[in-house]
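Here are my notes on this model, point by point. Please keep the structure open while you read.

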Amino acid sequence: MEKIPATSFALVSGSASWGIRFPEDVEEPGFRVARRDIVFDTPWGPSHGWKLIDIDGSVTADGQPRRILNVFAHGWPPDRIDHEAHRRVAWVLQEAGVAKIVASSTAGSLNRAILAGDFVIAGDILELHQTTHSTLPGRLSFECGARQMLCPQLAAVLQRTAEEIWPARARVYGHRAGLVAGHSWGPRYQTAAEARAYQSLGADFINHSIAPEATAAREIGACFVNSTHIVAAFSDYFAPPDESFRLEQVHGDLVRIASRISLKAIARAPASDECGCRRLRNPWPAAIRASS
Ligand SMILES: [Zn+2]
């Protein structure tokens with residue numbers, strides 16, 4: 001059985017890094033793959049697509065070399081649609097002792113002011129029914145708060161990094177913008193009716209990964225932030241089918257830039273827990289658990 005290495009830092013990769021060899025094709029100095037194609041066993045089956053990435057101390061927050069865990073495509077298995085994948089990923093991260101998670105993805109805009117090509121860091125999530133695949137060991141094990149689902153400390157590091165690199169033709173929306181990330185499981189995109197519904201509920205953008213990953217991160221007591229760029233404008237939901245649509249063109253040159261941002265952000269992530277995210281998940285008092 002593959003042993004899960006100890007590390008405090010993890011990068012969950014998603015569609016923001018598709019179509020390239022990650023991180024080699026990003027050509028960001030200081031990052032090297034130590035191992036790839038790792039499969040970890042979990043209580044709910046194998047979790048595929050893991051890498052170990054070594055980060056040189058010259059680019060980390062504390063000047064120390066850092067080994068991080070990285071998983072491809074949110075840990076989704078390659079051969080089937082599986083909404084449980086995020087639980088297996090979270091379990092691996094918990095076993096590793098991960099405390100800081102940067103998760104890269106793309107999203108569709110539900111806000112007329114957020115355009116294709118903009119970079120968005122969520123301030124909250126909207127996932128009304130939550131996942132049925134909780135990582136918690138029982139209903140009365142831990143009380144998980146719903147405040148600060150996105151870590152303000154990680155978000156500040158990510159925003160500064162994005163503002164250095166993201167093309168000037170687009171915008172970077174930070175944590176303080178208060179944008180809300182909605183959730184649908186996919187794999188189908190949203191219909192026009194669904195886009196209107198999510199917008200009316202208060203979501204500013206939507207994808208298939210941010211909310212369950214944020215919830216899973218809270219359940220393991222880790223800080224979480226999304227590193228996301230917009231690939232579809234709100235008006236696209238109402239436009240006629242585009243015969244010329246090619247996913248690789250939508251992603252274009254932003255894939256390498258987005259990948260650089262997520263790499264640099266996890267390297268620059270501080271180890272401290274001053275943000276308080278960890279304290280928003282607590283064991284239920286024994287007196288409550290014992291009552292009958
Ligand atoms: Zn935090």
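1. His74 sits in the loop between strand E4 (66-71) and H1. Helices (H or I, at least four residues) and strands (E, at least two) are DSSP runs, numbered from the N terminus. The phi of His74 is near 60°, a positive value in a residue other than glycine. His74 has 21 other C-beta atoms within 10 Å, so this residue is buried. The cut-offs: buried takes 20 or more other C-beta atoms within 10 Å of a residue's own, exposed 12 or fewer, partly exposed in between, with C-beta atoms placed from the backbone.

2. A word on the basis. This is a predicted model, in which local features need pLDDT of at least 70, side-chain atom pairs count only at pLDDT 80 or more, and totals for chains, interfaces and linings use all residues. Residues are numbered from 1 along each chain as its sequence is written.

3. Gln148 also calls for a look at the backbone. Its phi is near 55°, a positive value in a residue other than glycine. Gln148 lies in the loop between strand E8 (142-144) and H2. Gln148 is buried, because 20 other C-beta atoms lie within 10 Å.

4. Contact is defined by C-beta atoms, placed from the backbone, that lie within 7 Å. Leu280 is in the loop between H6 and strand E13 (281-283). Leu280 has 16 C-beta neighbours inside 10 Å and so counts as partly exposed. Arg147 is 133 residues away along the chain, yet the C-alpha atoms of Leu280 and Arg147 are separated by 7.6 Å.

5. Check two cis peptide bonds. One runs from Phe22 to Pro23, with omega near 0°. Pro23 lies in the loop between strand E1 (9-12) and strand E2 (31-42). Another joins Gly186 and Pro187, with omega about 10°. Pro187 is in the loop between strand E10 (180-183) and helix H3 (192-201).

6. Now the core. The largest nonpolar core has 79 residues, of which Leu93, Ile101, Val102, Val120, Phe205 and Phe224 touch the most other members. Helix H6 (residues 254-268) gives the largest share of this core, 8 residues. Such a core is a set of buried Ala, Val, Leu, Ile, Met, Phe, Trp, Tyr and Cys residues joined through C-beta atoms within 7 Å. Beyond four places in sequence, Ile101 is in contact with Ala10, Val12, Leu93, Ala217, Ala222, Cys223 and Phe224.

7. How do H2 and H6 pack? Helix H2 (residues 152-165) and H6 meet at an angle of about 140°, and their axes are 9 Å apart. Axes are lines fitted to C-alpha atoms, for helices over the stretch in contact, and angles run from 0 to 180 degrees between N-to-C directions. H2 and H6 are therefore oblique to each other. Angles under 35 degrees count as roughly parallel, over 145 as roughly antiparallel, 65 to 115 as roughly perpendicular and the rest as oblique. H2 contributes Val157, Leu158, Thr161, Ala162 and Ile165 to the contact, and H6 contributes Ile257, Arg260, Ile261, Lys264, Ala265 and Arg268.

8. Last, helix H1 (residues 85-96) and helix H4 (residues 210-219). Their axes are 10 Å apart, at an angle of about 35°. From H1 come His86, Arg87 and Ala90; from H4 come Pro212, Glu213, Ala216, Ala217 and Glu219.

How values were computed:
Two residues are in contact if their C-beta atoms, placed from the backbone, lie within 7 Å.
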